[in-house]
Amino acid sequence: MRGLAKVERSSGAMEFVERAKPEPGAGEVLVEVDYAGLCGSDAGIYEFESAFERMELPTVIGHEYAGRVVEVGDGVTEFGVGDRVVERPIRGCGECYQCRIGEENVCQDAVITGVDHDGAYERFIAVPERALHPIPDDVKQQHAAVAEPTSIAARAVIENSRVGAGDRVLVEGPGPIGLLTAQVAAAQGGTVVVSGVGQDADYRLPLAEELGFETVNVADDDTEARRERHTGGVGYDVVFDTTGHPSGLTTAVDEVRKGGQIVLVGQTGETSMPYSPLVRAEIDLQCSYASMYEDFERSFRLIRDGDVDCETFVDTRFSLFEADEAFETFIEGGTCKPVFDISELA
Ligand SMILES: [Zn+2]
Ligand SMILES: [Zn+2]
């Protein structure tokens, strides 16, 4: 079978490689992949950012996917042939201190599907049954492919933020995690504004508006006037930074109200700024990373109930056979959440 792999330690360098169909080992099932999404971290692998230098190449990428169980290994008890499933792709070791106290998302020795071993941009994948999550009957297979990024937003908002009814919320960054975070924050009762930059003007900010949010383009809008209008000059109760850019945090400090909360979801990188104003304003600086079982449960309920509008959010224009086009368009902001039809590889 063919799989789309990262083949060289440079930007681009994605090619189809030939792989043997995997055999499910003890405790594993064989999943036939139906749909797989393109995520910001897949784009990071495409551009070969430093976070991915640990990868052994070639590795088939893709970690957000929905499939069906087609074979079960010895000792599998929870899943059977025909079950529709998604994977929780960040697998804790089960043995370190964090795993033992129920903080698997910050495991000291986690492995990630599509980074540390072959992922879902291929027809079949063998997965330990403990990493699988069943797809509810009333969630479409194509929509289930975005359950994983939705679970990350669910964790950021429901587990790690204090957003409640009537709160004024700013989500910085209209990428996939940003627009999912905005939808979950709205489901929690927040009034949400989404901000982006120049390159977001063509696709991502209009998509945010289609999803029901007011938007700010920080490249040409007067953000101070916006803040004045939305919050009476007080500032936002909660600001989520999903930009993954150093300016995301410093901007959040300008936008949040005194006594408010900043939730860092994107990986900001390196930035320096004066912290005393944060202390004097008693800003709650909270981080959110990855997701766990309960976040997937919430993710599926949010999708099923339409709080996360997959019909509008998912972009089906791209094929894995023209993956470069999908990646380049994603990096330029011309799409937000491409989902590939993996059955094309059959
Ligand atoms: Zn992802
Ligand atoms: Zn662990």
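Predicted model: local features only at pLDDT ≥ 70, side-chain atom pairs only at ≥ 80, totals over all residues.
**Ground rules.** I note that local features need pLDDT of at least 70, side-chain atom pairs count only at pLDDT 80 or more, and totals for chains, interfaces and linings use all residues. Residues are numbered from 1 along each chain as its sequence is written, chains are lettered from A and ligands numbered from 1 in the order written, and side-chain values use heavy atoms, with hydrogens and water left out.

**Entry: zinc.** I looked up the protein donors of the zinc ion (ligand 1) and found Cys 39 (SG), His 63 (NE2) and Glu 64 (OE). They lie 2.1 to 2.4 Å from the zinc ion. Donors here are N, O and S atoms within 2.8 Å of the metal (3.2 Å for Na, K and Ca); water is not among the atoms, so sites may look incomplete. I wrote the sequence spacing of the donor residues as C-x23-H-E. Cys 39 and Glu 64 link distant parts of the chain, 25 residues apart. Cys 39 sits in the loop between strand 3 (28–37) and helix 1 (40–47). Glu 64 sits in the loop between strand 4 (59–60) and strand 5 (65–72). Helices (H or I, at least four residues) and strands (E, at least two) are DSSP runs, numbered from the N terminus.

I then checked burial. Buried means under 20% relative accessible area, exposed over 50%, and partly exposed in between (1.4 Å probe, protein chains only). Cys 39 counts as buried because its relative accessible area is 13%. Glu 64 is buried too, at 1%.

**Entry: largest pocket.** A pocket is an open set of points on a 1 Å grid over the protein atoms alone, with protein on both sides within 12 Å along at least five of seven lines; lining residues have an atom within 4 Å of a point. A volume is the space filled by probe spheres set on the points, which are joined across faces, edges and corners. I read about 1,700 Å³ for the largest pocket. Its lining has 49 residues, and Gly 40, Thr 242, Thr 243, Gly 244 and Gln 267 lie nearest its centre. Helix 1 gives the largest share, five residues. Where does the largest pocket lie? Domain 1 (2–151 + 291–341) and domain 2 (161–287) both give residues to its lining, so it lies between them. The domain bounds come from an automatic or database domain assignment.

**Entry: helix 5.** Helix 5 covers residues 176–187. I compared its span: 12 residues at 1.5 Å a residue should give 16 Å, and the end C-alpha atoms are 17 Å apart, which agrees. The expected span is 1.5 Å times one less than the number of residues. Nine of the 12 residues are buried, among them Leu 179, Leu 180 and Val 184. Gly 189 follows helix 5, with a positive phi near 105°.

**Entry: cavities.** A cavity is a set of grid points where a 1.4 Å probe fits but cannot get out. I counted two cavities of 30 Å³ or more. Helix 7 (223–231) is one of the elements that supply at least two residues, and its three are the largest share. The second largest cavity holds about 40 Å³. Arg 88, Pro 89, Ile 90, Glu 148, Ala 290, Ser 291 and Phe 296 line it.
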